[in-house]
Amino acid sequence: MDNSNSETINIHAHRSYWKLGEPMVWLSGAALASILAIAVILVFVIISNGLGVFWPSPVARISLLDGGSTIGELTQRQQKRDTGAWRQQIKTGNRDFNSLDFRWIEDSDIKKITYPANIIALERMEFGNFYGFLREVNTPSGQFSKDLNSQFEKQFHFIAEEMEKLEDMEDDISSLSNDMESLRLKKQKLEYHGVASGSPELAKVQAEHARLQQEFEELLIKQSNEINRLRAYTATFEDISGKTKSIPFLDIVRYYYPNTMSFFQKVGFYIEKLWELLAEEPREANTEGGLFPAIFGTVLMVIIMSFLSFPLGVITAIYMGEYAKDGVVNRMVHIAVHNLAGIPSIVYGVFGLGFFVYGIGGTIDTLFFPERLPTPTFGSGGILWASLTLGLLTVPVVIVATEEALSAVPKSVKEGSLALGATKFQTLIRVILPMASPGIMTGFILAIARAAGEVAPLMITGVVKLAPTLALDSSFPYLHLERKFMHLGFHIYDVGFQSPNVEAAKPMVFVTTFLLVMIVMVMSSLAIVLRNRLKERYTITGF
Amino acid sequence: MPAPPTADEAIGNEMFQTAPQVEKLAPFSAEDPKIIRTFQRAKRIDLMARWGISAGGILVIFCVVGMMVFIAAVGMPLFITPSVAKLSQFDRSLQEKILAVGVDEYLETGFSLDQRGVWSFYYMKDGKVFNQVTTKPVAKKNLQLHSIETYDNKIYSLLWADGSTTVTEVKFLPKFNEGVRTITHQINRIADFPAEQNQQVLQSFARISGEDDSKRVTLVRQLGNNKIQVIQQLVEEDLMGNTEEKNYSNDFQYPLEDPITVMTVDRLGNAVYAGTQTGQLLQWNISEPGEASLVGQVQAFENAMAITALAVVFGESSVAVGDEKGNLTVWFPGKIQKTGEPGPLKKVHIYDSYKNPIARLLPSTRNKSFTSLDEGGNIRLNHMTSERKLLDLSSAQPYRIFGFSTRDNGLVTLDDHNQISLWELDIPHPEVSWRTLFGEVWYEGYQEPEHIWQSSASTDDFEPKFSLTTLVFGSLKGTFYAMVFSIPLALFGAIYTSEFCKDTYRRYLKPGIEIMAAMPSVIIGFLIALWLAPIVEQYVISFFLSTLLIPLVTVFFLFVWQAIRENPWCKRIEGGYEFLLIVPVIIFGCWLSVVLQAPIERMLFNGNFQLWLYQETGMRYDQRNSIIIGYGLGFLVIPLIFTICDDALTNVPKSLKAASLSLGASRWQTLWRVVLPSASPGIFAAIIIGFGRAIGETMVVLMATGNTPIMDWSVFNGMRTLAANIAVELPEAPVDGTLYRILFLSGALLFLITFFLNTFAEVIRQRLRKSYGQF
């Protein structure tokens, strides 16, 4: 090609580069890149904050230039806006000594940072973590100040075993109080129905109640004696300023020597904490301990929800896809479905509260539990009403996915079935639904993911920050649909925004967030993979 | 995954399960009764299924309509006209003039007080008198009553002809015995005030305030000569149970040339209001014992109309004023802007006028409504804030005297012909009208009419402020910022993905963004409120810089790119990898904005933008502000808008695109001139759906704003939206109360907004689908 010719083309190209709109392509590329960047950053923030919470970080001893010193975990560094100086945030724990868990120290004030091996970190039943030094172990049989660490370990394990017995006792007490409560309700019901106060029926109930009451009180006394006995086992600790505190072993959940742990010990610690998260009850106004009740509540709610949402959604989709004629009614159903999908979730909550809780729940109360009024049974928020509300909310998700799956079934297959003399319903049950089942599954999974993450309607239909009892337990009728429940999403809102010490609660919120994101993301990914597979299968089979 | 059964298997299972033997024995026959039965059974099942499934499908329509109807139905009672029903009427002709009437809250027994001081109690259904109690003056003479005054529907000050006053309380005590209710009554004599020597007493007002251990009885008397006398009895009880009584008395006079025509005292005995012949409205403060000061004096009416009736409205800060022309107004002190102290009385509410002078005004004891009676004998009940006329009673026989039950649910009237009538009132939500919900209302203590949302306060006598406009504004503000952030990103992102992106990436991008859509809003709310908000607060200058710098840097980069794009490596990038190469450019832009923040802030804003903002403009910087909401809500709707836009763009028939490209148009020209116009209804629908989602989003707004209901477009403060407001207030709202119904109404409003948006969007999409079907 001629050199000059190529030059003109080049100039032409340069000139038209802007005219042809190439820069706009780049700008739209930038838009896409921004969306992805935001998403990646968000996920990164969740993962980096959520995963690291349980990893035991070393506890530093910071000597200050003014002669003082402090110990704590180094949490974050920040640059001051006006001077540009860096400062360090330290989690000092020991909330019973210093009213705050956290402290900022300017870099310029720090003389030296060391990691002494003898620092012990305690997780306690109250007042958060303790960082300090072990000084003494006291038991009723004597005081130990030598060979402290092994003594401490021995006593700690001894108390841990005793604690298990205490927990058994606790279970007995709570089942007793459950029995007493149901007897009380029975008595209330009898009295309401006008059974005379001297009747044998009532007397029997009363006698039984009195017997349980006595047993209950005996057990309570036994429990408190036991606790008093165990509280005599204490250990004395000293904090960095030299103040000592004697802490009963009963109040110590866990202890570790953060600066001497090996990698595998840390892994073990991490796994232990993870197990606590999944299986234990929360402590300290939900900011410590486990999430078990919240996980349980979320799962149970999703299961109950499925019973409303799945059948209704699938039937509607079948109607729209297979039965409805293309006319006004079908268009209206379409519009209705898209409206259902677009109605704000809080409006479902409002409906749930008015219709399910006060409407149906109130009616059930007046019909079946009039003796308990004005204390509501079903007439206040509970897991059943919350689930039904979410059931309505997720119906459109199921419908849309099912509809898509039904329409993906090749027409020829349907027609083949019909041509062989099968009725429409037979074709549906035997041919279409089996073929569409992965797509329908997709809808179910998406609905579950949606329900697991939705919070606003639950806030007014029965979720609570701390439910004393699970909705499923060993006392008749086992499944207590009227009970309030805990929920992962609400847990995030509550701990992150309603707790008095937000800074101390943040790690827990991040962990909960991580867990919820994982559940939702994994389920949605699964659903999408399933759907794409379905699409591929039909494009390959392609009739 | 089990392979789906083929059509043959499916049918074989159902119909020919029992057939093999038959087949061997005889050829297939349509007349075989067994087969006919099978066919019939299948047909029956099919029919049943058809009905069942159709019913299920149509149920969805009912769900939508039912939800709407239900939510609206809970809100509707706010607007029903109050009902009044006459329960009974009987004759009560006496020789003595009746001065007061009353009824218990169960509307079973009532009483009247006549001029001799005789309380007659009777059954309201037939007027049969069952008890009479006489209150005697201290003077033990056979005196007639001069006049009476009452407040709280139970405390009566009886002014005797000699000028002495007796304060009594009428109490009704319901008793339940075996489910049968009987109502007994008590008349307690609370205090006596002897007559003043040589003084003519025109009116007397007694007020009782304070708890048991520190009680105050205040008596205000209107004397002759335009004089007002205040007597205060303080009874204090110490811990030992000893009581100490202190008495104070003082009087003050108003110039004689302008006679006082009417006066009233507030419920606690802290303020005296008086109206004069020339229309002066006067206010004295008597809260300090033994002291009285004229704190307010305004010429109420320019044409010197006489004031004929006064009443202090519940809450003790507003006065209802009636004049001789029949006008009815409410006045309260406006705030002095600088000091925040109460200023002079202002005319705030004006009500429908009567034809005759107003004779009497009586405030409600439970809310801010008041009853008026004119000389023509008409009774009206108005609510102060909503200015609604709740009740209008007029008959051929003018009413002269009326009294309420203590719960304000019953009204007794006495007309000119001595007929006593009992009315049952049902006024569930007097404070609500369309104007209080959506218009500007002049609330007590404010300078001017405003939109305010404040549903509750610590005191009972607080004026609830239910302006939904504030909340609608909040919703729109949040949505606006969200759309500003999300529409460009989502739309252009979708354009790039569907038109220019490499197919290999496209296959992952779309599902990826769909997964983004599944991100629970509570998580986004938490992240932006507790993680992003502090960062934005610290780097707020960088934020504004980046909106400028990122496009600048990109344009600069494009100039550079233009020079090197002919390189074959660069050519490859232009085949759908642009979005990857631009990432470092954007990061560079962000980095530049962060680096430049400190010098710029030092140079322009004295080193602290927030402080500068407050000092220079008076605007406060809230950490949780509209920028944060824009990000949060925007991030929430981006996947939604993106997916629908992407669908709309991809569904544009390939033939259109191919034709444009083959005619020599560039890829952007094809998109801009051909694809985008065809897909524009879909894109429009996407934006509408995104808008609908953002306007109803709860958790993000709840967590990431301060939830302060203010009307202000500023990006530096937050808002309270309809949705968040429901979440905040509904759990605390008493069932079937005004707040509860208003929250349902705002739910219905949200429903309606999204219903119209979604229906509109769906209709557009259905049209679009049809028109694509033509290709």
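Predicted model: local features only at pLDDT ≥ 70, side-chain atom pairs only at ≥ 80, totals over all residues.
The corresponding account for chain A gives an accessible surface of about 25200 Å², with 60% belonging to carbon and sulfur atoms.

The fold of chain B may be considered next. Its secondary structure consists of 17 helices and 30 strands. For the 775 residues of chain B the globule rule gives a radius of gyration of 28 Å, whereas the chain has 39 Å, well over that value, so chain B is more spread out than a compact globule. The C-alpha trace of chain B spans about 120 × 95 × 60 Å along its principal axes. When contacts in chain B with a separation of 6 or more are considered, 57% of them are between residues 24 or more positions apart. As for charge, chain B carries 66 positive and 76 negative side chains, and 8 Å lies between the centres of the two sets.

A residue of chain B illustrates this at the local level. Thr385(B) is placed in the loop that runs between strand S24 (379–383) and strand S25 (389–393). Is Thr385(B) buried or exposed? Its relative accessible area is 3%, and because buried means under 20%, Thr385(B) counts as buried.

Taken along the principal axes, the C-alpha atoms of chain A fill a box of roughly 100 × 90 × 40 Å. Of the 543 residues in chain A, 50% are buried. Among contacts between residues at least 6 apart in sequence, 67% in chain A join residues at least 24 apart. Chain A has 48 positive and 55 negative side chains, with the centres of the two sets 5 Å apart.

Within chain A, Ile445(A) belongs to helix H11, which covers residues 424–453. Ile445(A) has a relative accessibility of 9% and therefore counts as buried. Setting aside its neighbours within four places in sequence, the contacts of Ile445(A) are Met523(A), Leu526(A), Ala527(A) and Leu530(A). Ser417(A), by comparison, is 28 residues from Ile445(A) along the chain, and the C-alpha atoms of the two are separated by 29 Å.

The two chains also meet one another. How many residues does each chain bring to the contact? Chain B provides 113 residues and chain A provides 102 residues. About 9700 Å² is buried between chain B and chain A, and carbon and sulfur atoms give 76% of this area. On the chain B side, Ile53(B), Met67(B) and Phe526(B) lose the most area to chain A, and together they make up 7% of what that side buries.

Terms used: Residues numbered from 1 in each chain as written. Chains lettered and ligands numbered in written order. Heavy atoms only, no water. Helix = DSSP H or I, 4+ residues; strand = E, 2+ residues; numbered from the N terminus. Buried < 20%, exposed > 50% of the residue type's maximum accessible area, 1.4 Å probe, protein only. Contact = heavy atoms within 4.5 Å. Rg over C-alpha atoms; globule rule 2.2 N^0.38 Å. Lys, Arg positive; Asp, Glu negative; His and termini not counted. Charge placed at Lys NZ, Arg CZ, Asp CG, Glu CD. Buried area = accessible area lost by both parts, 1.4 Å probe. Areas by Shrake-Rupley, 256 points an atom, 1.4 Å probe, with all protein chains shown as cover.
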